[in-house]
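Thanks for making time this morning. I have one structure to go through, and I will keep to what can be read from its coordinates.

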Amino acid sequence: MGIVGIRKRGFSEALLPLVVAVLFGSIIFVERFKIASGLNYTNYRQVSTLRLERIQNHLDKINKPPVITIQSPDGDIIDCVHKRKQPALDHPLLKNHKIQKTPPEMPKMVKKQALKENDEMNRNNKNEDQVKMNMNIKGTWQMWHTNGTRCPKGTVPIRRSTVHDVLRAKSLFDFGKKQRKFDLHRRSDAPDVVSGNGHEHAIAYTGTSQEVFGAKATINVWDPSIQVVNEFSLSQIWILSGSFDGSDLNSIEAGWQVSPELYGDSRPRLFTYWTTDSYQATGCYNLLCAGFVQTNSRIAIGAAISPVSSYSGNQYDVTILIWKDPKLGNWWMGFGDNTLVGYWPAELFTHLADHATMVEWGGEVVNTRPSGVHTATQMGSGHFAEDGFGKASYFRNLEIVDSDNSLSSVHGISTLAENTNCYNIKSLYNNEWGTYFYYGGPGNNPKCP
Ligand SMILES: *[C@@H]1O[C@H](CO)[C@@H](O)[C@H](O)[C@H]1NC(C)=O
Ligand SMILES: *[C@@H]1O[C@H](CO)[C@@H](O)[C@H](O)[C@H]1NC(C)=O
């Protein structure tokens, strides 16, 4: 936890030694970054010239020529790229795609009839927790905004990928993807998650018989500590359709994540993900492959969120809405109250071209069992659900979008955590927060060996 004193090098600065070294055939990477928070971000050593060339070719494809470039204090380089030059349009299915300009019809809010009846009861029941909840919650911004420079009109901010970002991944193929090395298998007690491979969850989910056209939630932001570089901790919404035990699962995902492997630091970052084949060959995080079309010039996907919540202190949260435009079928993403970030074009999907069959909200970590025991990588705030507001992390105002494009509080959710001694979840309801839950945990502890 805490601030990590790492400054990644700029693109040209980082490349210079590589270019020089390429002349000598192979490269020994020396310690390039300060090791903070005990993580070794340079867990790679020798890189062949051929591999570097391949990596550079790939980076040349995904890093588009910027109109201007903005340096963030956390070391990120944000390229302001002309909208029509963004990576999405490299997708073979999007050759003739016309970038949407006019915003789609936002989902309508439904009157909370059922809640009114409970008003009296709720007022009387207003406990200390609820009063606290209303007091010190604040909105967040992105760290690169402190630079002061904005992306010009007609451009979108894109976090630049570096050679080091790729070298931390297992391979060039794995860069930007969620890893699914083992067979997906369906667990009878976990019908709704792609489990296995050390992925552990604490999630809430909707029933399977429903047709869903979107989901929304406000997510508490923390900076859980990660034990080893190739583990992560995330908190997100999943929009799903297809089979969990096949290879055709369609998933659209967004939230915040701490992933030292992907970003080279331990800050929580806004992220998106999509796949149409159960995390195999299609899709990726953020704009690391062609797919997601960005329309917003202020929000950079993959950029650090700031500030973050502190234990018994100020709480910060982000609101994420994902829904299908009923007219054109694109899945849009909203951030905060009224900001549209961009969309996943309808062309990308198979099952999700129609509707989602399930929504999940919650946390996921990877447990690689470093040193033979359960990882100490934290989920949420690192505290269990029962610790409540200001201590445990929360998702509040869980809502879904139905077939007539209206938002309503989700009812009848189920919850799941594979091992509640490591990470758990507790769902609740009140008038202000609608359906909400606390979730998370410390991972390794005497009960979670
Ligand atoms: C990080 O990992 C690399 C590769 O295993 C190793 O050579 C290097 O010494 C490690 N650095 C630290 C500080 O442990
Ligand atoms: C903002 O980014 C520009 C371009 O990279 C850089 O020259 C400048 O120093 C940055 N300003 C601040 C205040 O960080």
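Predicted model: local features only at pLDDT ≥ 70, side-chain atom pairs only at ≥ 80, totals over all residues.

The protein chain has an average pLDDT of 85, and 82% of its residues reach at least 70.

Now the chain as a whole. There are six helices and 27 strands in the protein chain. Of its 449 residues, 47% are buried. If we take contacts between residues at least 6 apart in sequence, 73% of them join residues at least 24 apart.

Next, a sheet. Three strands make it up, in the order β3-β4-β8, with antiparallel pairing, and the sheet is open. Which strands stand at its edges? They are β3, residues 68-71, and β8, residues 155-159; each has a single partner strand, so one side of each lacks a neighbour in the sheet. On average, neighbouring strands here are turned by 25 degrees against each other, direction ignored.

Looking at one pairing in that sheet, β3 and β4 run antiparallel and are joined by four bridges, with β4 covering residues 77-82. I70 has I78 in β4 as its bridge partner.

I70 comes up again at ligand 2. The residues surrounding ligand 2 are T69, I70, Q71, N147, G148 and T149. By type, that shell holds one nonpolar residue, five polar residues and no charged ones.

On to strand β15, residues 269-275. Is this strand enclosed or open to the outside? All seven of its seven residues are buried, so β15 is largely enclosed by the rest of the structure. The burial applies to both faces: R269, F271, Y273 and T275 point one way, L270, T272 and W274 point the other way, and all are buried.

Which strands pair with β15? One is β14, residues 250-258, which runs antiparallel to β15 and is joined to it by seven bridges. Within that pairing, G255 has F271 as its bridge partner. The other is β16, residues 284-285, which pairs with β15 in the antiparallel sense over two bridges. There, W274 stands opposite C284.

Last, two loop residues. D245 sits in the loop between β13, residues 233-241, and β14. Why does D245 count as partly exposed? There are 13 other C-beta atoms within 10 Å of D245, and a residue counts as exposed at 12 or fewer and as buried at 20 or more, so D245 falls in between. D245 and S278 are 33 residues apart in sequence, with their C-alpha atoms 8.8 Å apart in space.

Q210 lies in another loop, the one between β11, residues 199-205, and β12, residues 214-220. With 15 C-beta neighbours inside 10 Å, Q210 is partly exposed as well.

Notes. Residues numbered from 1 in each chain as written. Chains lettered and ligands numbered in written order. Pairing = 2+ DSSP bridges. Axes fitted to C-alpha atoms, helices over the stretch in contact; angles between N-to-C directions. Contact = placed C-beta atoms within 7 Å. Near = placed C-beta within 6 Å. Nonpolar A, V, L, I, M, F, W, Y, C, P; charged D, E, K, R; others polar. pLDDT = per-residue confidence, 0-100.
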